[in-house]
Structures are given as C-alpha cells and as structure tokens.
Amino acid sequence: MAKFSKDKKITISAINEYAKKISNGDHSSLNYLTIALLYQEIGKFEEALKNIEMISGEEEPDQYYYHKGLILYKQGKYKEAIDLFYKILKMDSEWDLEAVKCIISSYIDSGKYDEAYIFHMNEGYEEVKGYENLNIEDIRIDDIRALADHYIERGKYTKAKKVFTKFTIFPYIQLEDWEQVDAEIQRINDIRRKQDVESSKVQERDRILSNLSHSIKNLISTIIDPLSNLHEEKEYKDVVVENALKGADLIREIVNAMNLSYKGSIKDFQYDAKHNESPDCLSMNQIIIESLKHSVSNMFDSKYFGNFMRNYFSNKNIYSEAKNRWNKTTSLEEITQFVRKYMFDFNMDIHEAKDLSVGNEKGSAIKFQILFQEIILNAVKYVSFLEREKRLLSIELKIIKGKVVFKTENSYQKGQGTKSTGLGHIIIENFAKLLNTKPEIKQNGNYVVSISFRNLWINPRKDQK
Amino acid sequence: MRMKILYVEDEITKNISKLKRLFKKYLNEEIIDELNKIEDDEYGADEKEIERIIEKSDFIDLEYSFQGALDKIINNHEEYCIFIVDRNLSSYAYDIESLKAIDGSFSKIQYEKFREREGDYLLEKLIYEKEDVLNRFYFLTAYSASELPNKEEISKHIDFRKFREENIIEKSNREREQNLISIINNAEILNIHFENKDYIDFMKAISGKLSTSNIVDFVELIRTQYSEEAQTIEMNLGRIRKITEYILSFIAKNFKAPRDRYTKKKEDQIVFGKVVSWLSNKIGEKKEYRLNSNVIIESYLYNIQSICSEFGVHRNESKETSFFPTSNTVKALVFELKEIMLWAKSIL
C-alpha cells in the first residue's frame with residue numbers, strides 16, 4: 001500500500017498512478033481501496049466513495065463495510081455509517097474492534113450520548129475477537145472521556161464513573177489500565193467536589209437573596225398599602241406617612257446590614273481600630289449603648305414590633321407613660337432604670353469597652369453597631385414573651401486572654417418562635433466571619449450568644465509574647 | 001351558604017391598610033372609622049380587636065392564627081365564596097396538640113412539612129377532604145409565583161390547570177392586588193348578599209338559625225331573575241310564591257290570625273288568599289286594612305298569588321297557549337316581594 005503523504009500534489013500524483021494501473025487492466029480491490037483512501041486524505045469523500053463501490057463486497061464484505069462506513073462517518077452521515085459498522089459485528093470479522101470504536105465515535109459525534117453509553121456498557125466489547133486481551137490502549141480513550149464529560153456536565157457523576165469502570169471487567173486488565181481508570185475516577189470525584197462546593201455556594205446565595213427579597217417585599221407591601229389608600233382618599237395623615245417612613249428605614253437598614261456583612265475583612269477592623277481619633281470614631285461602649293437604645297426604641301413601634309410591644313406594655317396607659325419617660329431618657333443610668341422598671345431585669349458590664357475606640361473610615365464602627373444591634377434586638381424581642389418577673393437580660397464586653405468577648409444572655413420561653421427569614425442570623429454570622437470568628441450560641445436555661453474576636457487594639461506580636 | 005370571604009393573615013396588625021384596600025366595598029363607614037382610629041393610634045390594636053371590628057361586616061371572616069383558620073376551614077368551609085390566605089402563618093404560635101384537637105389527622109409530619117407554609121395545608125385540607133376550591137382560593141405571599149419556595153403541590157395543581165399562577169398574589173405587586181380587589185368586588189353571590197342585605201337580614205330574622213332554604217331561594221331568585229328561560233321563570237315564580245307564603249304564615253302566626261285562615265288538614269298551613277283578605281277586611285263597600293297594610297300590599301300579594309299559581313312550577317296546563325310571562329314579570333314581582341318584605345319588617 002502506498003505511503004500516504006500530507007502533500008496534496010503528491011497524493012494526487014499517487015492517485016493518478018493507481019488510476020493508471022486500473023486503466024491498464026489491473027482491477028484489483030487493492031488499487032480501488034488505495035485510491036479511496038488517498039481521496040479521503042484530501043477530503044474528496046464522494047470520489048473516495050465511488051472507488052470503494054468498485055470493490056467487490058462479496059470477497060471481503062467486512063472490509064468494504066468498514067471503509068465505506070468510515071467515509072460516511074467522515075461525511076457526517078452517522079446513521080448510515082453506524083448501520084454498516086453493526087453489519088461487521090454480525091460477522092466473524094477481524095474488523096470488529098474497529099467497528100466497535102467507530103460506532104462509539106459515530107454516536108458521540110452525532111450527539112447521541114445515551115446510545116453511545118448503552119452500546120459501550122452493554123453491547124460493545126464482549127463480542128470482539130480477542131476480547132480477553134483487550135486493554136485501554138485498544139479503545140479510543142478520547143471518545144470515552146468525551147462521553148464521561150458529557151455526563152459530568154449534567155451532574156451525572158455515577159454514570160460518568162461507570163464509563164471508566166466498565167474497563168475493569170476486561171479479563172486481563174493491566175496494572176496501567178487500573179491506574180488510568182483510577183486517575184479518571186479521581187478526576188471525576190474532584191470535579192464533583194468542586195461543583196458541589198460551587199453549587200452549595202450558589203444555593204446559599206440564592207437562599208439569602210430569596211430571604212432578603214422576601215423581607216423587603218413584605219415591608220414594601222406594608223408601605224404601599226397605606227400610601228395607596230392615602231392617594232385614593234386624597235387626605236394627608238401624619239401617622240400613615242410616619243409609619244411608611246419607618247418601614248422605608250427598616251428596608252434601608254436590612255439592605256445596608258446585608259451589604260456590609262459581605263464586605264471587607266479583619267484588616268479593615270484592624271485599620272479602624274488603629275485610626276481611632278477622628279470625630280466619627282466611637283467607643284465600643286458607646287456602640288453597645290446605642291444598640292440597646294435602638295432595640296428598646298423599636299419596642300414602642302406597634303406596627304412592626306406590635307407583638308413584642310404588647311408583651312412589654314399591656315395597655316395604652318402603661319405604653320404612654322413608658323414612652324414619655326423613654327423620650328426623656330439619655331444616660332446609661334436612666335436607660336438601666338427604665339428597662340428595669342418597664343421591661344426586664346438588666347445587668348450590663350461593659351466598662352472594659354470604654355477604651356476600645358474604633359474609626360469608621362473602613363466602615364468598622366457601623367459594622368460593630370449593626371452586629372451588636374442585631375444580637376441585642378433579638379434578646380430584647382425574645383425575652384418579652386416571659387412574665388415580667390422571669391425576664392432577664394445581661395450584656396457584657398470583656399477582654400479575656402487577648403480576646404474581646406461580647407456576650408448577651410437572656411431568659412426565654414422555650415418553643416416560642418416568631419416569623420423570621422433568618423436574615424438577622426446571617427448578618428451576625430457574616431460579621432463574625434469578617435472578624436475571623438464564629439458566634440457561639442448556648443441554651444442552658446438562658447439563651448446565650450457570644451462573639452469572641454482577636455483584640456484589635458493591641459499589637460499582635462505583643463499579644464503573642 | 002357561601003356569602004363570606006375568609007381572609008387569613010397572621011400579621012394583621014401590620015396590614016390594616018391592606019384590609020381596607022381589599023375589602024373596601026364590604027366594610028361600612030363605622031368599620032372603616034374604627035380601623036382608621038387604630039391606624040392613627042400609636043398603640044395600635046391587637047389581632048383580636050381587629051378581628052372583632054372586621055367581623056361586624058357580615059361579609060368578611062378574618063382569621064389570624066393557623067389554628068383558627070383550620071377550625072374555620074374544617075367546620076364552616078361552605079360559608080365562604082372566596083378564600084384569601086397568607087401562605088406563611090407562622091407568626092402566631094401554634095402547637096401540634098391544639099391542631100390535633102381540631103384536625104385528628106394533623107401530626108408531627110404535617111407540622112414539619114407545612115411549617116412556614118401553613119396555607120398549603122389549609123388548601124390541601126379543603127380540596128382533598130372538603131370541596132374543590134382551587135378556582136376561588138388565593139394565596140398572599142411576599143414571593144412571586146415563579147420564586148415561591150416548596151411549591152411542588154401548588155405546581156401540580158397549576159399543571160392540571162385547576163389553579164392559576166394568578167391565584168398567587170405577590171404582596172407588593174399592585175397589579176396582582178388590583179386584580180384580586182376586582183375579583184372580590186365582583187363576586188356574584190357576595191354582591192347579591194351585599195346589595196340585598198336588608199332583605200336577607202329580614203329573612204334570617206324570621207327563618208330561624210337552622211332554616212336557610214328561604215334565603216337560598218331568595219338569593220337564587222335574585223341571581224336568575226333576568227333569565228328568559230321558561231323553566232327558570234317557572235322556578236322563580238315558584239320561589240316568589242314560596243317566600244311570600246312563608247312571610248304571610250309568619251305574620252299570621254305572630255298576629256294570631258283566626259283559625260279559619262288556615263287549612264283544615266294542617267293546622268299551621270295558611271290559605272294564602274284568606275290571609276290576604278284578613279289583612280284587607282272588607283266591610284260592605286269599605287276596606288279595613290290591618291297591620292299597617294294598604295292597597296299596595298294587598299295588590300302585590302294578590303299579584304303574587306295569582307301569577308305565581310298560574311305560571312309557577314305547578315301551573316295549569318290548560319293555560320299553555322296563553323301569553324307566557326317573561327323576565328319582566330319576574331323582575332316586577334321581585335320588586336313587589338321586596339316591598340312586602342319591607343312592610344313585614346316594619347310591623348314585626
């Protein structure tokens with residue numbers, strides 16, 4: 001057989017040479033086959049087919065089917081090609097392994113992966129002559145990998161693995177084959193792990209977005225309805241507008257908190273702890289007191305915190321009296337007296353927080369405020385469900401072994417739930433993550449939330465000493 | 001009788017404005033005033049107070065707890081023509097035992113499965129154990145139909161075209177809410193009850209708590225009075241006769257009409273014409289009207305008696321070829337019946 005050249009001119013001259021032989025009367029199948037193969041090489045498939053048709057299919061039908069099938073395959077006529085390859089498998093032919101490989105290639109290239117899979121798993125190799133001596137080198141590994149990748153892309157990892165484990169049933173599988181199969185399985189496992197991590201991140205993101213949009217839309221609906229009524233009635237009502245503004249403020253707070261909880265790192269906190277002399281700096285002490293004030297103020301909001309408000313102020317007289325007094329309350333001492341009188345037993349130990357000031361250039365002061373506000377507001381809300389004499393809230397901030405530990409402890413009614421999207425919890429966890437820590441929750445009679453993070457106000461090296 | 005809307009919303013204290021928007025048509029001035037006062041008051045009101053005010057309307061049943069809603073759906077579902085349910089009812093605490101007392105099949109499995117989508121349980125309960133309400137059941141939710149979590153069961157109903165995405169009302173979507181308001185405002189049976197409230201209240205007053213058949217007949221009469229179908233006209237004339245006779249019996253009994261105004265066979269069965277003549281007693285050439293009646297009442301009663309007997313469901317076959325009444329006759333007699341009701345109400 002002629003040596004095939006990549007040079008088109010040489011190929012054409014070779015074709016002419018064989019054509020000359022034929023015209024001289026040598027009509028052997030070999031001449032036609034060689035011309036057909038040469039035509040294939042230069043992409044002239046119709047010419048190749050014409051020459052293949054000159055071979056007598058009666059003498060060596062399997063060879064005829066194979067070469068014709070191959071040309072049809074190259075022309076993209078996969079179905080016709082597959083039909084011819086299957087004919088080979090029904091014969092006692094030396095071309096059977098090639099036919100198996102071509103069938104798989106044809107199915108894959110025509111996008112019929114499931115057919116390729118079924119053939120590969122169930123019909124393919126066992127009928128091949130010398131089956132017992134097959135190894136992975138005998139098959140087209142790229143096709144098998146393409147088949148596996150098809151299932152990996154669709155998240156069907158077990159199926160992808162089976163494509164390779166199929167080879168382990170070959171009777172005389174070699175060690176290298178085992179290793180190759182293992183490597184492929186490992187590759188699939190790695191892809192799966194990576195995709196699982198990515199998909200759980202996406203799921204988590206989707207869940208948070210869904211909860212966030214749920215909360216916002218709920219609030220928006222409580223704003224839209226009264227404003228729509230106001231619009232229709234063409235009558236201005238101060239309290240309706242005020243409530244709508246409160247609702248809008250709550251939305252802004254949620255979005256800000258959520259947004260900030262995903263931004264930055266411990267370095268920002270370290271920076272703001274170091275640059276803590278500008279006018280917008282706050283001490284941790286101030287931040288905690290402001291958070292408490294914010295939480296208590298919310299308990300006067302009948303629209304958005306109505307059930308908690310009624311738990312604390314059981315009738316309008318008590319509510320009015322308490323609200324009047326709250327409006328005049330400013331100092332920590334007054335706040336303490338107020339909450340003890342109207343709300344719960346209260347202890348606060350935050351004197352160590354006085355010297356811990358934080359700037360807001362990188363948003364740390366506001367982040368601490370949101371974090372403490374979320375934790376304290378939760379405590380103030382849930383403690384309300386108990387009878388007055390059982391209500392207890394304590395807040396402390398301490399420096400323990402180089403760590404700042406913020407802790408709230410409150411009594412609570414077991415099994416008492418309120419409607420929640422869990423956003424508060426996400427916000428707390430996210431801020432803790434930014435501080436390289438995790439919130440710790442204990443329920444041992446009381447509900448205890450603590451966050452312990454590295455003391456940002458001392459030099460880490462000094463700390464280690 | 002389906003003459004109410006069941007509205008289930010656990011966060012009702014936050015949604016007074018929505019309440020006013022959705023049910024404006026069916027809330028009278030007094031109710032609106034009370035709700036406005038709550039909105040204007042910084043102390044607001046609790047759920048029970050809002051429920052008490054809303055239920056003065058007769059047309060809206062408000063429920064804020066899952067437990068209460070389940071009770072209403074199991075025991076009174078046939079009273080409602082529309083169900084509007086907030087899908088997540090977890091705001092108001094509930095426990096398995098209390099729910100089990102109302103619904104024996106409720107267990108920990110349902111508790112866990114339907115937590116934070118309690119509305120789904122109410123829908124399942126209704127359609128699988130009570131009645132097919134899918135075309136008049138509306139979910140209120142902060143999610144849009146496409147982003148609704150755990151919506152397998154709902155999707156199944158949508159796939160079978162029994163439930164539509166339009167039945168899922170996204171709370172902040174004004175267009176969807178406007179559609180719901182339009183559905184509420186145009187609910188046929190509810191409208192009939194609303195527009196004929198005085199007459200229906202009168203019927204209720206004289207029918208006793210257990211007898212609703214006259215009210216059902218009256219509502220059906222109002223609903224179909226415009227029909228030109230001969231069979232419906234016959235049925236309606238029969239209804240007018242039946243209702244009028246019931247009113248006359250009540251008057252006869254209450255004002256102790258003489259025994260000779262009753263049939264001989266049944267002691268409590270009046271003879272229609274005799275009671276009418278008792279009301280307009282003829283003394284010589286003069287007529288003496290009893291019980292504040294007059295020629296209007298007398299004429300209307302005779303009209304009803306003669307026309308309804310002649311052309312009602314048991315009409316005389318020999319009259320087949322004479323002029324057959326159209327809906328004009330039915331409508332005219334409905335107005336006459338209403339006048340009789342107003343008169344009867346004034347003397348009772």
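Tutor: Domain bounds come from an automatic or database domain assignment. This model is predicted. Chain A is divided into domain 1 (8-194), domain 2 (197-246) and domain 3 (265-464).

Student: How far apart do the C-alpha centres of domain 1 and domain 2 of chain A lie?

Tutor: Those two centres are 62 Å apart.

Student: How many helices and strands are there in chain A?

Tutor: Chain A has 19 helices and 7 strands. The C-alpha trace spans about 120 × 70 × 45 Å along its principal axes.

Student: Now helix packing. How are two packed helices described?

Tutor: By the angle between their axes and the distance between the axes. Take helix H17 (residues 364-383) and helix H18 (residues 423-434), both of chain A. They pack at an angle of about 140 degrees, with axes 10 Å apart. H17(A) is therefore oblique to H18(A).

Student: Is the crossing of H17(A) and H18(A) left-handed or right-handed?

Tutor: The crossing is left-handed.

Student: Which residues of H17(A) meet which residues of H18(A)?

Tutor: From H17(A), look at Lys367(A), Ile370(A), Leu371(A), Glu374(A), Ile375(A) and Asn378(A). On the H18(A) side they meet Gly424(A), Ile427(A), Ile428(A) and Phe431(A).

Student: How do the residues of this contact divide into nonpolar, polar and charged?

Tutor: The contact of H17(A) with H18(A) has 6 nonpolar, 2 polar and 2 charged residues.

Conventions:
Residues are numbered from 1 along each chain as its sequence is written. Chains are lettered from A and ligands numbered from 1 in the order in which they are written. This is a predicted model: local features need pLDDT of at least 70, side-chain atom pairs count only at pLDDT 80 or more; totals for chains, interfaces and linings use all residues. Axes are lines fitted to C-alpha atoms, for helices over the stretch in contact, and angles run from 0 to 180 degrees between N-to-C directions. Helices (H or I, at least four residues) and strands (E, at least two) are DSSP runs, numbered from the N terminus. Angles under 35 degrees count as roughly parallel, over 145 as roughly antiparallel, 65 to 115 as roughly perpendicular and the rest as oblique. A crossing is left-handed if the near helix is turned anticlockwise from the far one by less than a right angle, and right-handed if clockwise. Two residues are in contact if their C-beta atoms, placed from the backbone, lie within 7 Å. Ala, Val, Leu, Ile, Met, Phe, Trp, Tyr, Cys and Pro count as nonpolar, Asp, Glu, Lys and Arg as charged, and the others, Gly among them, as polar.
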